[in-house]
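Let's take a walk through this protein together, one piece at a time. Keep the viewer open as you read.

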Amino acid sequence: MKNIDSNGHVKGRSTFLDDLPVHEGTLCALAFGSPIAHGRITGAELEAARAIPGVVDIFSYADIPGDNQVGGIIPDEPLLAEQDLHYQGQPIFLIVAEDNWTARQARRLIQLRYTPLLPITDVEEAWGREEWLFRPRTFRLGDIDTAWSQCTYLFEGDAETGGQEHLYLEPQGAYVIPREHGGIKLYSATQGPTLVQRTVARVLSLPMHQVEVEVPRLGGGFGGKEDQATAWACLAALAAWRLQRPVKIALHRQDDMRMTGKRHPYRSHFRIGLSKSMKILAYEVTYLQNGGAAADLSPAILERTLFHATNSYFIPNVKATAYSCRTNLPPNTAFRGFGAPQAMFVLEAAIAQAACELGISARRIQEANLLKEGDEFPYGQRARQAHARQCWAAVEATFDIRKKEQAIKAYNHQHSYQKKGLAMMPVCFGISFTKTPMNQASALVHIYQDGSIGLSSGAVEMGQGVNTKLVQVAAMALAVHPRRIKVETTDTTRVANTSPTAASSGADLNGKAVQQACVQLRRRLTAMAALILHVSPAAIQFRAEKVWCKGQPTALDWEKLIAEAFLRRVNLSAQGHYATPMIYFDKDKEKGHPFAYHVFGAAAISATVDCIRGTYEIDEVDIIHDFGNSLNIDVDQGQVEGGVVQGIGWMTAEEVVYSPEGRLLSDSLSTYKVPDITAAPKVIDCRPLGLDGPGLAILRSKAVGEPPLMYGIGAYFALLQAIRAFNPAYVPDFKAPFTPERVLMALYQNENAEVL
Amino acid sequence: MIEFVLNNQPIQTESPAFLPLLDFIRYEQRLTGAKAACREGDCGACLALEGRLENGQMHYQSIASCLMPLGNAQGKHIVTIEGLNRKGLSPVQQGIVDHSATQCGFCTPGIIVALTALCLSEEPLTEQRAMAALDGNLCRCTGYQSLKQAVLSVLSKLPAEQAARPIPWLIDKGYLPVYFSGITEQVAQIPRCAPAFHPGRPILGGGTDLLAQQPDQLRTAEPSLLCERWELSGIYLEGNSCTIGSGLTMAEILRNPDLNRLLPGLEEYGRLIASTPIRNMGTLGGNLANASPIADLVIIFLALDTTVLLNGPHGRRELPLDGFYLGYKKTDMRPDEYLEGIRFELPSPGHIFNFEKVSKRARLDIASVNTAIGLELKSGAITLARISAGGVSPVPLFLRRTSEFLKGKLISDKVLAGASQLIQEEISPISDIRGSAEYKRLLLRQLFYAHFLKHFPEQLSLKGLLNEGRKLDEKHRLERTRKGAIHFPG
């Protein structure tokens with residue numbers, strides 16, 4: 001089944017936030033952000049800005065009726081700066097004008113007076129000063145201290161990964177309309193409508209029921225609209241509530257890039273110990289997470305870094321410690337993978353360093369240490385349906401990796417100026433929010449008198465196809481044609497207390513809630529059909545829009561059944577609720593069973609480097625992915641392909657650059673380069689592993705949003721291989737992204753050593 | 001007043017000439033299919049078709065509506081996604097749906113427009129050209145694999161030659177709605193853009209730099225329009241020289257057959273410059289006047305003997321292109337002058353031309369370093385060399401000393417290694433978002449070598465070049481030590 005939004009998309013008729021028809025009298029709002037990364041406000045000149053015709057008002061923190069606080073996990077982030085400035089772009093004032101252009105004119109006229117303070121942007125400097133956003137955490141397994149002595153080989157090094165701009169194509173935004181009784185209606189481009197509702201209520205000092213949040217759909221989210229859509233919604237709500245007029249904020253791309261957080265840059269130090277037979281016996285790692293100026297989702301992201309410290313490998317002795325460091329950058333936030341990619345990169349770097357120094361293929365070390373059934377993760381959970389080895393073996397066999405490696409060797413021998421490299425990348429990713437209470441969802445299903453069905457859930461559609469999957473779930477549960485089902489927008493008045501659509505869990509949690517609602521409806525309809533047909537409910541079945549009785553079709557079709565149900569006053573609406581069973585986590589012991597299940601997979605990535613110019617192409621990505629029983633293979637393959645390319649982007653050309661003063665230099669699409677059609681790999685060949693999924697996955701179709709991104713890490717190591725084929729003296733520094741600049745410098749590192 | 005046809009509606013508007021067409025479409029006409037995503041022509045979510053009437057025929061191409069000043073729509077047919085919709089899906093739309101090549105849908109209308117422009121393209125269709133039709137569209141969801149499949153499926157249904165897929169054919173097959181058949185007459189009734197030069201007013205070519213850099217400041221300005229095909233819009237080969245009007249778009253220049261004959265590979269190099277929609281809009285004049293130190297066209301023409309042609313109230317002036325740039329973003333053009341175009345001496349037969357560019361992303365990116373070379377040889381010896389380099393100085397640089405040095409030399413590892421060292425003395429790169437100074441130095445050396453390795457693979461080797469370079473380094477080091485001078489690495 002194709003994505004249900006496809007036709008609307010190709011006709012340009014799908015409605016995004018900024019496409020909504022506006023109400024008469026709608027105003028535009030624009031934030032004035034801090035011009036410095038660290039300092040104190042001493043005053044501001046607003047008169048010139050206010051004097052521009054069309055400027056309606058300029059608000060500051062003093063205009064906030066409730067808490068000036070938007071910090072989700074830790075209350076450390078004001079909506080509008082009061083006195084202290086912590087990052088460039090931090091909102092200080094909100095300009096409200098008749099149109100955006102006028103607001104921008106006004107913004108240029110605002111003069112802020114301030115005392116600058118020295119900004120910290122370097123994560124190690126912040127760490128050295130113990131500028132931690134919250135307490136450091138350590139996960140342990142085995143006994144690391146005694147394990148070192150058992151190792152034949154020990155290697156130590158550093159690794160660094162950069163930030164990543166989400167570059168959802170639809171910028172952040174919100175549109176707020178005042179309602180009667182002092183309430184507001186908010187359209188928000190958010191992954192977390194309830195979070196927006198709760199935070200707006202807190203900022204405006206309203207009960208949550210006065211704040212209705214509706215999300216039409218998102219033009220991409222990738223985690224960037226999980227927490228960070230909230231502030232824009234709050235700002236628009238503040239203006240609308242103060243002025244009692246509709247107010248829209250639709251961010252200009254440059255404001256979006258400068259004012260919102262990104263994937264966390266990490267700097268890490270590792271020590272790895274191996275046995276003679278290449279078993280990893282010990283792994284010690286310290287992660288320094290650059291959190292930016294406020295905690296945002298960093299505590300949860302840091303936690304997931306620790307959960308995925310050992311990725312797809314079993315290591316008996318582990319000590320992983322993570323620090324979240326406060327710097328004067330915009331608060332960094334969720335991004336597909338949520339801290340796990342950063343952790344996995346470090347372990348791959350450690351393996352690559354060991355392989356380089358031992359003069360063997362990294363693949364040998366990788367393969368020797370893959371997880372097997374029942375292995376324990378450092379957080380106490382044991383690997384079940386552990387498909388790491390099956391995926392790995394299937395990649396090697398299906399794509400004949402040995403042959404590919406030989407072909408690459410021959411190619412490198414024949415070509416002086418182009419070199420190829422190949423790397424394999426296994427992935428094991430835990431599914432569930434690691435904060436257990438978030439693993440719940442609700443859905444509301446109405447069957448209308450004509451038999452058509454309206455379905456609401458807490459899931460936000462952002463291109464990942466969750467709505468399509470929900471239609472499939474409901475259609476299967478009610479045995480009706482998917483055409484009968486409409487997925488409504490996500491709205492807090494229809495489905496309350498939702499978790500954000502995140503952690504790859506949208507389809508699992510909301511799908512199970514939809515299923516649950518459908519089960520109730522079906523039970524009622526079964527009872528009624530049994531009455532009509534004078535049989536026991538056990539004799540009734542629903543198949544392809546018809547009621548079956550004792551294995552035979554009856555004349556009772558769906559529309560007749562529903563018409564009859566209405567006449568007999570059967571409740572045709574149901575609310576479903578689902579909470580993932582079995583999961584828990586004890587943060588004091590750092591042990592538990594946080595994940596419903598794990599998604600596995602493995603990829604082989606090959607790349608060609610132009611050794612004259614330092615440019616490169618990603619040639620092939622061959623993947624065996626553990627979909628379980630994919631509910632929609634078109635949608636799922638699309639998630640894999642998109643995730644891989646985003647991961648490759650993070651590893652190659654996507655470079656977030658700040659000046660030492662904390663100014664974002666890569667602040668536009670002309671300076672921040674995401675993959676385009678020619679930069680994407682020439683081939684992505686993704687095939688399903690073909691093993692059944694677990695019962696906790698919706699219809700045994702495993703979650704698919706985040707895990708594929710981490711296949712992209714293989715691109716870094718494929719480039720590394722190619723570079724070493726040209727310059728064997730190259731000493732890797734494991735700094736990602738591998739931009740053409742870093743590649744060229746690597747190709748000619750130690751040039752005078754006469755090895756080329 | 002600005003007049004044009006928007007989809008099937010005649011438009012007469014008093015909105016300002018510098019208003020981005022996108023804002024007019026979305027917020028004044030409430031046609032919300034084109035999206036405001038980057039506002040600098042880098043993502044393609046706002047693409048529209050621009051149709052021009054020439055010799056009684058409509059000609060269509062894709063443009064980025066966020067960078068197109070409304071004034072440049074005068075007398076044209078502008079088509080948004082809404083204007084491509086018909087009952088059911090067009091084969092382009094169907095191709096995207098069939099291959100699941102849409103996820104969040106935000107970039108999709110722009111992709112449909114770009115592929116429809118491909119169907120309307122006047123060049124023979126090839127797979128490479130078809131993929132290149134999407135070189136100005138970003139998609140953050142799909143990873144492009146499904147899009148590539150969709151492009152191939154669209155391509156497979158189209159005759160390669162334009163003669164076999166004229167507009168009536170495209171209407172008949174459902175690529176275009178029926179109203180397209182009446183557009184020629186509608187457009188013919190509207191006056192064309194009247195080019196007018198008013199000294200002191202901002203001169204508007206395609207708008208791709210002006211609207212990317214200062215859309216707000218220009219909002220209420222009156223432009224001097226250069227947008228239409230008047231005396232600035234030809235390519236003339238006369239006697240020993242070639243004149244190119246400043247109003248020509250990059251696309252027109254890069255695919256011009258005469259220029260491709262004179263500069264073999266020009267169209268191919270053109271793929272490294274901007275993107276299809278931006279090349280359709282941006283003009284030679286804009287690329288010259290913007291005075292960016294990495295302007296691709298300027299780097300190309302610096303490798304030829306090029307003169308800049310200026311006009312103004314005090315008459316015409318000619319200046320060598322090398323020397324036109326006085327400093328960072330500063331030209332020798334007076335405020336009351338405008339660019340008529342450029343003229344270059346025709347290269348001799350056997351002239352070798354090469355262009356190299358490296359940027360973070362290969363397509364639609366600004367160069368870290370770009371360089372071009374024009375070479376003439378006689379019995380193995382270099383009789384003429386012109387080398388240019390961008391991104392290594394405040395201005396697009398003609399490497400005068402290096403070019404002189406090469407004259408009369410035979411091509412060898414040693415000579416080129418020596419030339420490369422001279423280059424390092426001529427350039428003064430700075431560290432910025434396009435790369436560190438150290439990188440740009442290394443990169444230019446490599447690209448300089450690439451010019452020769454590409455054209456003289458038998459005579460040279462990278463290994464030899466590097467070895468000769470090392471020897472020279474060593475020699476210089478010793479000389480400096482002897483003189484007691486300070487040693488500068490690199």
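Which strands of chain A does helix H6 (residues 193–204) lie across? In this predicted model, H6 of chain A lies across E10, strand E11 (211–215) and E20 of chain A. The helix runs at about 150° to E11(A).

Those strands belong to an open sheet of eight strands in chain A, with the order E3-E5-E1-E12-E9-E10-E11-E20 and mixed pairing. At the edges you will find strand E3 (55–59) and strand E20 (490–491) of chain A, each of which pairs on one side only. Another helix, H3(A), also packs on the sheet, where H3(A) touches strand E1 (27–33), E3 and strand E5 (91–97) of chain A. The direction of H3(A) makes about 25° with that of E1(A).

Now zoom in on one pair of neighbours. Strand E9 (residues 173–178) and strand E10 (residues 184–188) of chain A pair in the antiparallel sense, over five bridges. Strands of a sheet pair through backbone hydrogen bonds, either parallel or antiparallel. Across this pair, A:Val176 stands opposite A:Leu186 in E10(A).

Both of these residues turn up again around A:Ala237. Leaving aside its neighbours within four places in sequence, A:Ala237 is in contact with A:Val176, A:Ile184, A:Leu186, A:Val200, A:Val203 and A:Leu204. A:Ala237 is also among the residues with the most contacts inside the largest nonpolar core, which has 406 residues. Others in that group include A:Ala29, A:Ile95 and A:Leu719. Helix H10 (residues 340–358) of chain A gives the largest share of this core, twelve residues. In soluble globular proteins, nonpolar side chains tend to be buried together.

Stepping back, how is chain A divided into domains? The domain assignment gives domain 1 (6–118 + 172–250), domain 2 (266–433 + 589–753) and domain 3 (440–579). The C-alpha centres of domain 2 and domain 3 of chain A lie 40 Å apart. Their contact takes 16 residues from domain 2 of chain A and 15 residues from domain 3 of chain A. On the domain 2 side, the residues divide into eleven nonpolar, four polar and one charged.

Finally, look at where the chains meet: 65 residues of chain A are in contact with 66 residues of chain B. Helices H1 (6–10), H3 (100–109), H17 (633–651) and H19 (740–747) of chain A each supply at least two residues of the side that touches chain B. H17(A) gives the most to that side, with six residues. By class, the side of chain A that touches chain B has 27 nonpolar, 23 polar and 15 charged residues.

Note on methods. Residues numbered from 1 in each chain as written. Chains lettered and ligands numbered in written order. Predicted model: local features only at pLDDT ≥ 70, side-chain atom pairs only at ≥ 80, totals over all residues. Domains from an automatic or database assignment. Contact = placed C-beta atoms within 7 Å. Nonpolar A, V, L, I, M, F, W, Y, C, P; charged D, E, K, R; others polar. Helix = DSSP H or I, 4+ residues; strand = E, 2+ residues; numbered from the N terminus. Core = buried A, V, L, I, M, F, W, Y, C linked by C-beta atoms within 7 Å. Buried ≥ 20, exposed ≤ 12 C-beta atoms within 10 Å, placed from the backbone. Pairing = 2+ DSSP bridges. Axes fitted to C-alpha atoms, helices over the stretch in contact; angles between N-to-C directions.
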